[in-house]
Amino acid sequence: MKILSRRSAIVIVFLIAFVCGTVVFIGNYIKNAPAWVQYSSNINNQSVTRTIYDRNGLLLEKTVNGAKKYNSSETIRTAVMQTVGDSNGDVGTGAQVVFKKQLSGWDFLNGIYSYGKTENSIKLTIDANLCAVAYNALDGRKGTVGVYNYKTGEILCMVSSPSFDPENPPDIMANQEKYSGVYINRLLSAAYPPGSVFKLVTAAAAIDNIPNIQKVKFRCNGELNIGNQKVTCPKAHGSVTIRQALAVSCNVTFGRISLDLGSSVLQKYAEKAGFNSSLDVDGIKTAVGKVDATSASGVDLAWLGVGQYTNTANPLNFMAYVGAIANKGIRVIPRLLENSSVSQTQIISAKTANIIKEMMRNDVLSNYGEWNYSGLKLCAKSGTAQLSEGEEPDAWFVGFIDRSDYPLAFVVVVENGGAGSTVAGPVAGKVLQKAIRK
């Protein structure tokens, strides 16, 4: 009897160990199997072709038994390198890396093997030819261009410069200055001082919190003295409304408004605009643009509302913000995969968004020149972000097309480019004209 009891106990122990082992294995399988199949040795041994296409079915990259082939156009290959990825996988946000699971064809039931299937493919939302136009428009300068549909979230253009041809990679170590940050997708993973594009955030806060702000007249004599420090404008703008101040980008007016609003209100509206948080673009987390008004006062608070101080902005995140202004205050998160889900949030009231939209339209009509953006019905804001002494400012140009047939928002940043409207503006014009005249 004792022998039977001992044997039963042993069987029970083995049974418990088997069940526990099975549970652990299933848990690890569910958690880690998608990563296990992504090892290069596994991928290279797959007979199924892995292909990445653009929105129009244009080949961007194909992998067969570990060998990669790219688009036949060198310009396209170079323009979309950071979006698609390089041959060594050094671009961590490239589609080859981020969407490995989809490209392997893996699922829980069948693993990576699908009977009779010869290709696993994904289609990106980008237009490769539009990206080529954007890359050429940057003309070798460091920076980024983004365009997306503010109704659907589809990213049509995602370009980062510098770049290189993935079929003929250069010796980057031999020319580190030229290729500085080449593996970074600047649209997704960079953050820059925003300069005057941040005035759109300050304007939203002012419209919501200062009574009759649109009727208030501000006096700009070229500088605003705050204690023994000052906020300056390139010239005196005289008596201006907030609408006029946005068009001429009056630092004095927006400095005064910032002091009236106070640090807590500016902080609140910056965070509503997406600062101090990241957006999720189909699993890719954007860099975090930062605004910290908590300890800002006096001249620091004034400059913060102008877009200087310690502010930084992620280009894609800010593109989504101006997209919300165009879309009655509803921010649609940009997405890169054709069939991914649409996510949206109301971040500005529809009334406030429409007021700012009209102000941005006035920027073009009264300052940037409608003739420079013919047919676009453009609403825009430029930024000239001051950097360290001796450095040329970063040039920003953001905005959207206010047309139902082309609901497109955009961002252009040219590093050390100078004035936003004269440097980044023409880049945006070339890209957007291509977008509406395919």
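What follows is a short tour of a predicted model, going through its sheets, some helix contacts and a few local details.

## The five-strand sheet

Let's begin with an open sheet of five strands, paired antiparallel in the order β6-β5-β17-β16-β15. At the edges you'll find β6 (155-161) and β15 (378-385); each has a single partner strand, so one side of each has no neighbour in the sheet. From one strand to the next, the twist averages 5°.

Further in, β5 (residues 143-149) and β17 (residues 408-414) are joined by seven bridges and run antiparallel.

## The four-strand sheet

Another open sheet has four strands in the order β3-β2-β1-β4, and its pairing is mixed. As a reminder, strands of a sheet pair through backbone hydrogen bonds, in either a parallel or an antiparallel way. The edge strands here are β3 (67-70) and β4 (119-123), each of which pairs on one side only. The twist in this sheet averages 15° from one strand to the next.

Strand β2 (residues 59-64) runs antiparallel to β3, and four bridges join the two.

Now for helices. The axes of α9 (residues 199-209) and α12 (residues 263-272) come within 9 Å and cross at roughly 120°, which means α9 is oblique to α12. The crossing is right-handed. On the α9 side, the contact is made by Val-201, Thr-202, Ala-204, Ala-205, Asp-208 and Asn-209, while α12 brings Val-265, Leu-266, Tyr-269 and Ala-270. Sorted by type, the residues in this contact of α9 with α12 are seven nonpolar, two polar and one charged.

The other crossing involves α11 (residues 251-261) and α13 (residues 298-306), whose axes come within 7 Å and cross at roughly 115°. Helices α11 and α13 also make a right-handed crossing. From α11, the contact takes in Asn-251, Phe-254, Gly-255, Ser-258 and Leu-259; from α13, Gly-298, Leu-301, Ala-302, Trp-303, Gly-305 and Val-306. So what kinds of residue make up the contact of α11 with α13? They divide into six nonpolar and five polar, with no charged residue.

The model has ten aromatic pairs. Take Tyr-373 and Phe-397: their ring centres are 5.8 Å apart and their planes sit at 15°, so this pair counts as stacked. The two come from distant parts of the chain, 24 residues apart, with Tyr-373 in the loop between α15 (350-368) and β15, and Phe-397 in strand β16.

Most peptide bonds are trans, and most residues other than glycine have a negative phi. Here are two spots that go the other way. Ser-161 and Pro-162 are joined by a cis peptide bond, with omega about 15°. You'll find Pro-162 in the loop between β6 and α8 (186-189).

Then there's Asn-212, which isn't a glycine but has a positive phi of about 55°. Asn-212 sits in the loop between α9 and β7 (218-220).

Conventions
Residues numbered from 1 in each chain as written. Predicted model: local features only at pLDDT ≥ 70, side-chain atom pairs only at ≥ 80, totals over all residues. Heavy atoms only, no water. Axes fitted to C-alpha atoms, helices over the stretch in contact; angles between N-to-C directions. Parallel < 35°, antiparallel > 145°, perpendicular 65-115°, else oblique. Left-handed = near helix turned anticlockwise from the far one by under 90°. Contact = heavy atoms within 4.5 Å. Nonpolar A, V, L, I, M, F, W, Y, C, P; charged D, E, K, R; others polar. Pairing = 2+ DSSP bridges. Phe/Tyr/Trp six-rings, centres within 6.5 Å; stacked < 30°, edge-to-face > 60°.
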